[in-house]
Structures are given as structure tokens and as C-alpha cells.
Amino acid sequence: MKKSILLLFSLILCLILSPRVYEETVEKDKAFIEEGAFMYCSKLADVEIPKSVKKVGANAFDGCYELERVVLPQKLTTLEKETFRNCYSLRKIDLPKSLCTIKAGTFESCGFNQPVIPKYVKSIGKNALQVTTKKLIFKGKNVPKIAKQ
């Protein structure tokens with residue numbers, strides 16, 4: 001019940017704001033961003049996630065169609081399922097070196113040109129990188145475990 005109220009509040013807030021929200025600031029002391037926190041904030045264009053965040057919840061930015069830029073913290077270890085799914089305008093994101101897990105559908109239907117996978121990523125979930133790209137770049141010596149697509 002609490003999550004649905006929070007999601008509804010976030011959606012209403014996104015609809016009430018100006019025609020295009022240019023940036024969103026997440027609280028500085030947060031250790032994680034909750035599931036669905038900004039889901040369907042279609043006018044959200046720019047997000048800077050604070051250094052304290054180590055985990056971004058499932059569907060946190062799902063459906064943020066105009067999201068172009070995301071700055072992820074250097075201590076981030078996990079991107080939960082479908083975190084940035086359907087962020088069609090997201091062309092470039094610098095994944096931090098600390099990232100270990102990219103769960104299912106994380107970047108599904110994003111418009112990346114050349115995603116660079118940090119060397120410490122150990123697993124990539126199903127459809128996590130189902131993007132409009134022709135090339136993936138792996139920074140590590142070994143290719144991470146990738147779920148059957």
C-alpha cells in the first residue's frame with residue numbers, strides 16, 4: 001500500500017511540474033533509491049544520483065522517456081531489474097567501476113550507441129542490454145556471466 005501511494009505521488013508530481021523537468025536531485029544521505037521511485041516521470045531529463053547510493057531499485061526510472069543524462073555514483077554496486085527500461089532518450093551512461101550486477105531488463109529499450117561494461121561486472125541478467133546498439137565493450141579480461149536471452 002505504501003509503495004503504491006509513493007508511486008502515485010511521484011506520478012502526480014511529474015504530471016504537475018513544468019512541461020519538461022530538467023533535473024532531479026535525490027537526497028544526499030540515501031543509501032538506495034526505492035523501487036519505482038521515478039517510474040513514468042516522462043518529462044524527467046537529467047538525474048544526478050548522490051555518492052551515498054549503492055543500489056538503485058527495480059523500475060526506479062522505468063518509462064522516463066525523455067531521460068537523457070544520468071550520473072551514477074562511483075560506489076554503486078547493483079542496478080536492479082528494469083531500472084532504466086524504456087528510457088528511449090538515454091544515449092550515454094557511464095557505469096561506475098564498482099558495478100558488479102546488472103539485473104534483467106535494466107537497459108531494455110534504451111538508445112545507447114556503445115555501452116561500456118566495467119571490468120568488475122560479474123553477471124548480466126536476461127534482456128539487461130536489449131538496446132539499439134551494434135557493439136558492446138567489456139573492460140574486463142573475462143566476459144561476465146550473461147543470462148540466456
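Residues are numbered from 1 along each chain as its sequence is written. Because the model is predicted, local features need a pLDDT of at least 70 and side-chain atom pairs count only at pLDDT 80 or more, whereas totals for chains, interfaces and linings use all residues; side-chain values use heavy atoms, with hydrogens and water left out.

The average pLDDT of the chain (the predictor's confidence in each residue, from 0 to 100) is 79, and 74% of the residues score at least 70. Over residues 4-8 the pLDDT is below 50, and this stretch has three contacts beyond near neighbours in sequence, a contact being heavy atoms within 4.5 Å. Residues 15-24 also stay under 50, with 17 contacts beyond four places in sequence. Where pLDDT is low, the predicted coordinates should not be read in detail.

The chain contains one helix and twelve strands, taken as DSSP runs (H or I of at least four residues for helices, E of at least two for strands) and numbered from the N terminus. Along the sequence, the order is α-β-β-β-β-β-β-β-β-β-β-β-β. Of the 149 residues, 42% count as buried; here, buried means under 20% relative accessible area, exposed over 50%, and partly exposed in between, with a 1.4 Å probe and protein chains only. Among contacts between residues at least 6 apart in sequence, 20% join residues at least 24 apart. The accessible surface of the chain comes to about 8900 Å², of which carbon and sulfur atoms hold 56%; areas come from the Shrake-Rupley method with a 1.4 Å probe, and for residues only the protein chains shown count as cover.

Six salt bridges are present, each defined by a side-chain nitrogen of Lys or Arg within 4 Å of a carboxyl oxygen of Asp or Glu. One of them pairs E80 with K55 at 3.6 Å, N to O. Since E80 lies in the loop between β6 and β7 and K55 in strand β4, this pair ties together parts that are 25 residues apart in sequence. E80 is buried, at 15% relative accessible area, while K55 is partly exposed, at 38%. A second pair, D62 and R85, meets at 2.8 Å, N to O. Here the loop between β4 and β5, which holds D62, is tied to the loop between β6 and β7, which holds R85, across 23 residues in sequence. D62 is buried, with a relative accessible area of 0%. R85 also meets E82 in a salt bridge of 3.7 Å, N to O.

E82, in the loop between β6 (78-79) and β7 (92-93), has a positive phi of about 55° although it is not a glycine. N127, likewise not a glycine, has a positive phi of about 60° and is placed in the loop between β10 (123-124) and β11 (137-138). N127 is partly exposed, at 24% relative accessibility.

No disulfides, meaning pairs of cysteine sulfur atoms within 2.5 Å, are found. The cysteine sulfur closest to that of C110 belongs to C87 and lies 5.1 Å away, too far for a bond. C110 is buried, at 1% relative accessibility, whereas C100 is partly exposed, at 25%.
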